[in-house]
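Subject: Structure for you to look at

Hello,

I am handing over the structure we talked about. My notes follow it.

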Amino acid sequence: MPRRSSLPVTFVVPTLIILLILSMVPTVYAVVIALQNRELSSTAYSYVWFSNFVDLFFDRRFLNAVWVSVKWEVVTVVATMAVAIGLGVLMFEVASPRLRNIYCLLFIIPVLLPRVSAAFVWKFAYHPLYGIATYPYRLLTGGLIFDPLSKPATALFAVASVDVWQWGLFFAVIVLKLLETLPPQPIEAARLDHARRWQIHAYVTLPMLKAPLISLMFVKMIESLRSFDLIYVMTRGGPGVATETLDMYAFSQGFIESGKVSYASAMAVLMMIATVITFTMLWKRVQA
Amino acid sequence: MSAITCSHVEKSYGATTVIRDLNLAIEEHEFVVFLGPSGCGKSTLLRMLAGLEDISGGEVSIGGKVVNDLDPGDRGIAMVFQNYALYPHMTIFDNIAFGLKRQKVPKTEIQKRVEAVSKTLGLDPYLGRRPAELSGGQQQRVAIARAMIKTPKVFLFDEPLSNLDAKLRNHMRIEIARLHQSLKTTTVYVTHDQLEAMTLADRIVLLRDGRIEQIGSPAEIYERPANLFVAGFIGTPNMNFIDVTVGRKGNGWTLTSAGTVFTIDGSRFKLQHGERAVLGIRPPDLKTAGSNADSLLEGTADLIEFHGNDALVIFGSGGKEISALVPTRECPAINSHVRYAIDEQSLHLFDAKSGVSLLRQSL
């Protein structure tokens, strides 16, 4: 039947074409630029092929950015999942159905805030003199100054805490809802099998939720890659290069410090390749 | 010591009371079946014994020890659930061994005990598989193995065979009976299937609306139902009920219903002249009558169900639908006139108002 086969095509093809143009053109263009030596200060350029990539491997600031990115990814993903599972299980065990609903509502609010707003709120909260988050420290030490965002050792964790505040609480709601969908009988059977509360979750409920929890983790991993706005508002990669992730460094090389667009593009291309390879490998591993 | 005692046990959810003032003593080694229609509170009662539901009032003790506030794991019980409740992500071995691992039993002993239990239940080929790879009957057997391995003081079964098909259900029923014969563990078994109750139980506890209607051996409950509800609930096909008025006649009694008079000796019953009663006759107790018999039920056979050895003849008599289970060779033709005689020894009489059996207690 021709009508049946042509209708989906009519709807899908234009959208696909637009999507392809929107996603492929910039990508291909970025790859092309990465092979050139364009700078914002001049219109002249030529093809330098892989020299940008070679330079990157001798750029200590780039290697630092890679390390910071990896740290950022691991810290935010692990902390988010830990907070989500911990809080989710806690709500499941302790809170009455009514209280659960109230908590759920409260925990969803942070993620509804735009990232930049959340970043500003917490930047003020971490202010060494006036911030509410540093207030307990001032109180306990009799007015000593603690500025988490300007210490290399703590800056990354301070920024990460905002990310976890937004996503960990939201994921806790999802974990709670997942726990509520589980059939109660295996949990009851485990109670009869001498399992303690935490053992029931460690050995029965969480393993039963393995697949959705892994999906959640993937979502968070992808989300953590897009941390630019948060870091930009809170530290701009500082102090020094302590929170300078790859996208921060690429941005500052391309537009702020030197206008080396091709050099920045080379970083972006490397990031894309690394991300695709990593995620493909992880996905395959999880599927197996 | 693993007797179970419930005294004045109550259960309520908010304003709704599910079980009220329930008293029950289950002896050691006994196989007791809680039987009743859906929503009668039998599963709730079992879950209260298991510790999965709080006890709102009264006291439950297992083996002489009050368990009201004990955790399920500390009550010395093991339970088999209707939908098996296996841990889906674990192998069969791990499912069976889970409880022992939590109790920190040494690994070599776990290995030995799992092997022994799985051999008893014929599960050894499946130990490495996951529950989803097993059939319903095998899964239920794993659930039983998981309960058995803990060597509990009491087994609790919550409608364990309801999810199985008819053939498998028969097979598993026999296995459970055999298991109880060899282990002799005190067992409480919940079901709504009277065949299971009749075949497995030492004693049946018949429940309705959270109250015990009758406790007794299967034979007692079948032959001497305490009231109309029990009489109607037990026995397939269902007992026939006919409203009658009791009358005195010489040394005997008459039971009069619309158009029919039954003459009985009546010494088995406590009767009063003029009293309204309900006459109960089980379909197999109706015998094809000769032409000169009295105490007859007659009518036109309007439906005949073929059961194999027997046939169920359904006919109208005095405005009531009566069924009689007769040997197939005596089966009448449809729409023919049928006459069935009542044997007084198999009659049941109940008070019309209270529904209580009029049978004399001493009998």
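How much area do chain A and chain B bury between them, and what percentage of it is on carbon and sulfur atoms? In this predicted model, the two chains bury about 1700 Å² between them, with 61% of that on carbon and sulfur atoms. On the chain A side, the residues that lose the most area to chain B are L192(A), D193(A) and H194(A), which together account for 40% of what that side buries. In terms of contacts, 15 residues of chain A meet 22 residues of chain B.

The number of residue pairs in polar contact across the two chains, both at pLDDT 80 or more, is 10.

As for where the chain A side comes from, two elements give two or more residues to it: α8 (184–192) and α9 (197–208) of chain A. Helix α8(A) supplies the largest share, 7 residues. Sorted by class, the side of chain A that touches chain B holds 9 nonpolar, 3 polar and 3 charged residues.

There is also a surface feature on chain A. A nonpolar patch is formed there by Y45(A), Y47(A), W49(A), F50(A), V54(A), F57(A), F58(A) and L63(A), and together these residues have about 940 Å² of accessible area. Of these, F57(A) lies in helix α2 of chain A, residues 51–57.

Regards

How values were computed: Residues numbered from 1 in each chain as written. Chains lettered and ligands numbered in written order. Predicted model: local features only at pLDDT ≥ 70, side-chain atom pairs only at ≥ 80, totals over all residues. Heavy atoms only, no water. Contact = heavy atoms within 4.5 Å. Buried area = accessible area lost by both parts, 1.4 Å probe. Polar contact = N/O pair within 3.5 Å; in protein donor to acceptor, adjacent residues only side chain to side chain. Helix = DSSP H or I, 4+ residues; strand = E, 2+ residues; numbered from the N terminus. Nonpolar A, V, L, I, M, F, W, Y, C, P; charged D, E, K, R; others polar. Patch = residues over 30% accessible without salt bridge, like charges linked within 9 Å, V, L, I, M, F, W, Y side chains within 5 Å. Areas by Shrake-Rupley, 256 points an atom, 1.4 Å probe, with all protein chains shown as cover. Salt bridge = Lys/Arg side-chain N within 4 Å of Asp/Glu carboxyl O.
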